[in-house]
Amino acid sequence: MATFVKASVPAGARTLEGRWFLSPEVFAAEQERIFAREWICVAREEQVAEPGQYVVVSVAGESLILTRGLSGEIHAFYNVCRHRGTRICEDGSGRFAGSIQCPYHAWTYGIDGALKAARNMQDVAGFSVADYGLKRVAAARWEGFVFVCLAEQPAAFDEAFAPLLGRFARWNIAALRTARTIRYELQCNWKLVVQNYSECYHCPLVHPQLERLSPSDSGRNDLDEGPFLGGYSELRARGTSLTTSGHSGRAPVGSVDGADLDRVYYYAIFPSMLLSLHPDYVMVHTLHPLAPDRTAIDCSWLFDPSEMSKADFDPSDAVDFWDMTNRQDWDVNERTQRGIASRSYEPGPYSNAEGLLAAFDRHYRSVMR
């Protein structure tokens, strides 16, 4: 049984120094030490639902092909031909007609990445198609999400994600489907987004609409150390929802019942995912660091397919509420980035409402060390 506690911070905890948000050298180190080594969320399985379907994703500056194999497995490959390094896929998504072919010299690979044909190479001494399959990237599936890891020897996914396995079973996230996705381009460091997500100290000032529906001081956390941080906030009134009207006609997702009908759970999943579990929908942010002061974010809203099949289904009440809330957050995140860039900035003290931020800093420093 999970134990939920109110956030607190150790005496003397202070924010990170400015260089962690501003330095190109730090950003480059993050790409190698974090985004090229950790398990990174890149897609939903529904995006590659059928054999041969593919999406092109970017991780740590690398272009990857994610595709569904003929037996239903998920493959991830570097988007690089083994002949002369040509990028194979430029379209963001599509479907392979039984094979993957480089557009330059027609080297042709199976959906499993094995090289099947290489024109005019049969007489090259020492050449074997068995040696030149597409280079693989480790891939794993969790709750309908697809993760990849660029490390040559990645940590076993089930071990790395052990604290989360089965934790959200009552939402049946794998069965949900994406109704809407919005991409945002922010002028701020990715860590500011994670930190902002992890506290509601700012909510009364920045999010009055959210505060009216969910009190900012109701947060309690069951994961407060390490790569996974979060817990729940309460809804002010029974049977309400975080929507533009404050209500929802949708049935609860999965088997959500009891106290969970009056709570929203928020978890930061280091380093690339922010997962928000509502009684009647699930929202996920995936982060894509572009530069020390630029971050792309994809925000998706997931619903039960039975609700989506109804003639009057409309996700706008949830999408519009969080699009407004997101943009309020992005504004203060960008203001913070600009302020940190000042020569006057120095680390400030955390409040007791920012315990998860101090925990994030500890984990981040440990990984960067």
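Student: To begin with, is Phe360 buried or exposed?

Tutor: This is a predicted model. In it, Phe360 counts as buried, because its relative accessibility is 5% and the cut-off for buried is under 20%.

Student: Which ring does Phe360 pair with, and how are the two arranged?

Tutor: Phe360 pairs with Tyr364, and the two rings are stacked, with 6.1 Å from centre to centre and 10° between the planes. Both residues belong to helix α9, which spans residues 355-368, and they are four residues apart, about one turn of the helix.

Student: And Tyr364, is that one buried or exposed?

Tutor: Tyr364 is buried, since its relative accessibility is 0%. Tyr364 is also listed among the residues with the most contacts inside the largest nonpolar core, which has 64 residues. Others on that list include Trp190, Trp301 and Trp322.

Student: What lies apart from that core?

Tutor: Another core of 29 residues lies apart from it, with Ala151, Phe168, Val253 and Tyr265 among its members.

Student: Back to the rings. How many aromatic pairs are there in the whole structure?

Tutor: A search of the whole structure gives 31 aromatic pairs. One of them joins Phe303 and Phe313 edge-to-face, at 5.3 Å centre to centre and with 75° between the planes. Phe303 is in strand β17 and Phe313 is in the loop between α7 and α8, so this pair ties together parts that are ten residues apart in sequence. Phe303 counts as buried, because its relative accessibility is 0%.

Student: Which residues form an aromatic cluster?

Tutor: One cluster includes Trp39, Trp142, Phe145, Phe168, Phe228 and Tyr267. The ring of Phe145 also has a charge over it: the charged end of Arg44 sits 4.5 Å from the ring centre.

Student: Changing topic: in what order do the seven strands of the open sheet run?

Tutor: The order is β11-β17-β16-β15-β14-β13-β12, and the pairing is antiparallel. β11 and β12 are the edge strands, each pairing on one side only. From one strand to the next, the twist averages 15°.

Student: How is β16 joined to β15 and β17?

Tutor: Five bridges join β15 to β16, and a hairpin of four residues connects these two strands. Within that pairing, Leu274 has His285 as its bridge partner in β16. Nine bridges join β16 to β17, and these two form a hairpin with two residues between them. There, Met283 stands opposite Trp301 in β17.

Student: How many residues of β16 are buried?

Tutor: Nine of its ten residues are buried, so β16 is mostly covered.

Student: Which strands does α8 lie across, and which does α9 lie across?

Tutor: α8 lies across β11, β14, β16 and β17, running at about 20° to β11. α9 lies across β12 and β13, at about 10° to β12.

Key:
Residues numbered from 1 in each chain as written. Predicted model: local features only at pLDDT ≥ 70, side-chain atom pairs only at ≥ 80, totals over all residues. Heavy atoms only, no water. Phe/Tyr/Trp six-rings, centres within 6.5 Å; stacked < 30°, edge-to-face > 60°. Buried < 20%, exposed > 50% of the residue type's maximum accessible area, 1.4 Å probe, protein only. Lys NZ or Arg CZ within 6 Å of the ring centre and 35° of its normal. Core = buried A, V, L, I, M, F, W, Y, C linked by side-chain atoms within 4.5 Å. Pairing = 2+ DSSP bridges. Axes fitted to C-alpha atoms, helices over the stretch in contact; angles between N-to-C directions. Contact = heavy atoms within 4.5 Å.
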